[in-house]
Amino acid sequence: MKHLSDYVNPYIGTISHMLTSTNPEVMLPYGMARSTPVSHDNGDSYCCDQVLGFPLGAAYVMPGKGGDFHNILDHSRETARCYYKRLELEEHDITAETTVTQHVYLYRFSGQDCLRLSFPGGEAKAEGNTVEITLSWPNRGRRTPLRQYAYIQLGQGVELTGQEEDALIFRAPELTEVRGAVSMISLESAKKSLELEAGGQSFDEVKARAQEIWDAQLGKFIVEGNTEDRKTVFYTALYRAFQRMTDVTEHGQYFSGFDGKVHEGTFYNNDGLWDTFRCMHPLQLLVDERRHKDILQSYVEMYKQSGLMPCFPGFEGDLPVMIGFHAASLFADAMAKGIEADYETAYEGIRKNATEQSMMPWACNAPAGAEEECYWEKGFFPALKKGEAETCPAAHEFERRQSVAVTLEHCYDDWCAAEIAERLGKPEDAEMFRKRAQGYKSLYNPELGWMAPKSIDGQWVEDFNPKFAGGMGGRDYTTENNTWTYTWSVMHDPEGLAELMGGKEKAGERLDQVFREGFHNEPSKFIYLGQFPDSTGLMGQFAMGNEPSFHIPYLYDYFGQPWKAQKKLRDLMDIWFPNSPTGICGDEDGGAMSSWLVFSAMGFYPVCPGKAEYALGTPLFDSMEMKMESGASFKVTAKGAGDGLRYIQKAELNGKPLDRPFLTHQEIVSGGELVLEMGARPAK
């Protein structure tokens, strides 16, 4: 029987449609050690065939012959899995193999006679068959730099023969291994990881253990009834959905860039919340509940260490990236779904962000000003008037104000804050945030039929074009997408949005037009893509390749037209997610897009994190089983789905008729079976 881990094709998505491709990493779920060849990066990892080395954290090792380390790889002679990679370097007939543990990289090389160990900007100390490396780089203005430590063990017969700038040269036997552990704490911690995780084990034993770990993780989902290609796409999406956040714990301790100190406990870092709050975190919550609790506590610790609830936590601390205070979503979703966490402390940080911090894009660590007061009092974040010069010191020169997107995403975040406040018994706060959450209505322009920007005096911005306005990426008014996309970013109140549009039927018609609207009698599609390079995977104005679009097809459920969601979702899955290096139609963003595919292939999706419900779509497989930590499992049976039947004729949940296109969280986590009768024509 085929291992589930052998379905994973790490090269899916390694040629981008416009911006950043994925990397074919060998790693463990949530792991620190992530191995993919170091190369001259051209933006598409599949095309980077000039190998510079193999990573040992930020250091890297390269096999060579006769002192020549120039090598080219050929994908046709490569085995790539999530737990193991074998490739041939054709210049010198060298074979390189890699596998990993949580903190340790293992390499097995054959065919070489020398090795080069590079440590850019770092320091190295070689003694016998071990090398200790310390690398450091500035930590965003702090006096103490960030440091990474690598403890490296070379195979028998490897001898130091020389030194170059930032590199050591070794004589090496034809067959040798290199093992290296990384730490953000100390060389001693790295050495301990190497001993505990790989000591006394052969390369093949570590490889087998890595495969077991991935088989167990992927085995939380069992799908049947479609092609082998579709299974590959599904399990590869799962592999990417469990890459972040990164568990940076080392033997009960961790280094935090939020205060530059070492702490006791478990800690997860490396998250792009603007991308991941939508469906990656909700997916992990379903099947990795214990980890999710640790992730929530990690955010609490970040707040306690830095004084702010982070937006884009990284190894060096919070990064002022994108828009919104989406930690509110992370905690509101967990709270609605019954996950234990320190919500009092989390809410303290969420409230502080929402009442004291700048809402300007890429400036969440700046203090609030007149623009925030406009949002708090009038319901919208103000745009500049046509031709008006920017005077706000927090405004980013390139990212600008993104005023419509900022308004809509903060309205959602404020709804999340209201949900938390209400459950914590803070009625005045809940009322304040609920009022803010309705501010989206202030930007709906009934003459245009779309959201539109207003200046601080409450006037509509002149000559606003919902399709092309805003300059590069729409950044005067939106985030990477136009308002044909952003108008729908009212996840917390789609019914209220429909009322603004004249009712659910009218809202459904307007949504129809999103999927069919082209570029006739105006600038062409290539002009549009030059202005909105993130809006990839286009179907009309719908951009499958960017996160603000993820929930849009599911809004048909809220508008009383679920068969339209079923039609569009199957098209999107079939067209934009093939088993190919081009098989991710936008930025993967650390598991965000793959999580959308996993949910959609199962047949349901969390449109509004913070509500304990999921909207039904259309399954990609005849059967799916999801296993949860409690021991319960939830099954979706949809005979014919694998052969292309996309329309739900009728539904039964645990043997009883289901007359709504929604599932509650409790219905899923309690276990049971959803049986869908599928057909070729819609059942309206």
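Trainee: Phe634 first, then: buried or exposed?
Mentor: Phe634 counts as buried, because its relative accessibility is 0%. Buried means under 20% relative accessible area, exposed means over 50%, and partly exposed is in between, with a 1.4 Å probe and protein chains only.

Trainee: Before I go on, what am I looking at?
Mentor: This is a predicted model, in which local features need pLDDT of at least 70 and side-chain atom pairs count only at pLDDT 80 or more, while totals for chains, interfaces and linings use all residues. Residues are numbered from 1 along each chain as its sequence is written, and side-chain values use heavy atoms, with hydrogens and water left out.

Trainee: Which helices do Trp214 and Tyr239 lie in?
Mentor: Trp214 is in helix H2 (residues 203-218) and Tyr239 in helix H3 (residues 228-241), so this pair ties together parts that are 25 residues apart in sequence. Helices (H or I, at least four residues) and strands (E, at least two) are DSSP runs, numbered from the N terminus. Both Trp214 and Tyr239 are buried.

Trainee: Back to Phe634, then. What does it form with Phe604?
Mentor: Phe604 and Phe634 form an edge-to-face aromatic pair, with 6.1 Å centre to centre and 85° between the planes. Phe604 sits in strand E26 (residues 604-605) and Phe634 in strand E29 (residues 633-637), so the pair ties together parts that are 30 residues apart in sequence. Phe604 is also at 0% relative accessibility, so Phe604 counts as buried.

Trainee: Which residues do ring pairs link into a cluster?
Mentor: Ring pairs link Tyr554, Phe599, Phe604, Tyr605, Tyr614 and Phe634.

Trainee: New topic: how many salt bridges are in the whole structure?
Mentor: The search finds 39 salt bridges. A salt bridge is a side-chain nitrogen of Lys or Arg within 4 Å of a carboxyl oxygen of Asp or Glu. Take Lys564 and Asp512, whose side chains meet in one at 2.8 Å, N to O. That pair links distant parts of the chain, 52 residues apart, with Lys564 in helix H17 and Asp512 in helix H14 (residues 504-516).

Trainee: Are Lys564 and Asp512 buried or exposed?
Mentor: Both Lys564 and Asp512 are buried. Elsewhere, salt bridges that share partners make one network of Asp74, Arg77, Arg86, Glu88 and Glu90.

Trainee: What are the N to O values for Asp74 with Arg77, and for Arg86 with Glu88?
Mentor: Asp74 and Arg77 meet at 2.9 Å, and Arg86 and Glu88 at 3.6 Å. Asp74 is partly exposed, at 23% relative accessible area, and Arg77 is partly exposed too, at 32%. Arg86 counts as partly exposed at 28%, and Glu88 is partly exposed at 23%.

Trainee: Which residues gather in a patch of positive charge on the surface?
Mentor: Arg516, Lys567, Arg681 and Lys684 gather there. Lys567 is in helix H17 (residues 562-576), and at 39% relative accessibility Lys567 counts as partly exposed. Patches are made of residues with over 30% relative accessible area and no salt bridge, joining like charges within 9 Å and nonpolar side chains (Val, Leu, Ile, Met, Phe, Trp, Tyr) within 5 Å. Lys and Arg count as positive and Asp and Glu as negative, with His and the chain ends not counted. The place of a charge is NZ of Lys, CZ of Arg, CG of Asp or CD of Glu. Accessible areas come from the Shrake-Rupley method with a 1.4 Å probe, and for residues only the protein chains shown count as cover.

Trainee: Last one: what about the backbone?
Mentor: Most residues other than glycine have a negative phi, and most peptide bonds are trans. In this model, the peptide bond from Arg244 to Met245 is cis, with omega near 0°.

Trainee: And where does Trp362 lie?
Mentor: Trp362 lies in the loop between helix H8 (343-356) and helix H9 (370-378). Its phi is positive, near 60°. Asn654, in the loop between strand E30 (647-653) and strand E31 (656-657), also has a positive phi, near 55°.

Terms used: Rings of Phe, Tyr and Trp (its six-membered ring) pair if their centres lie within 6.5 Å; planes under 30 degrees apart count as stacked, over 60 as edge-to-face and the rest as tilted.
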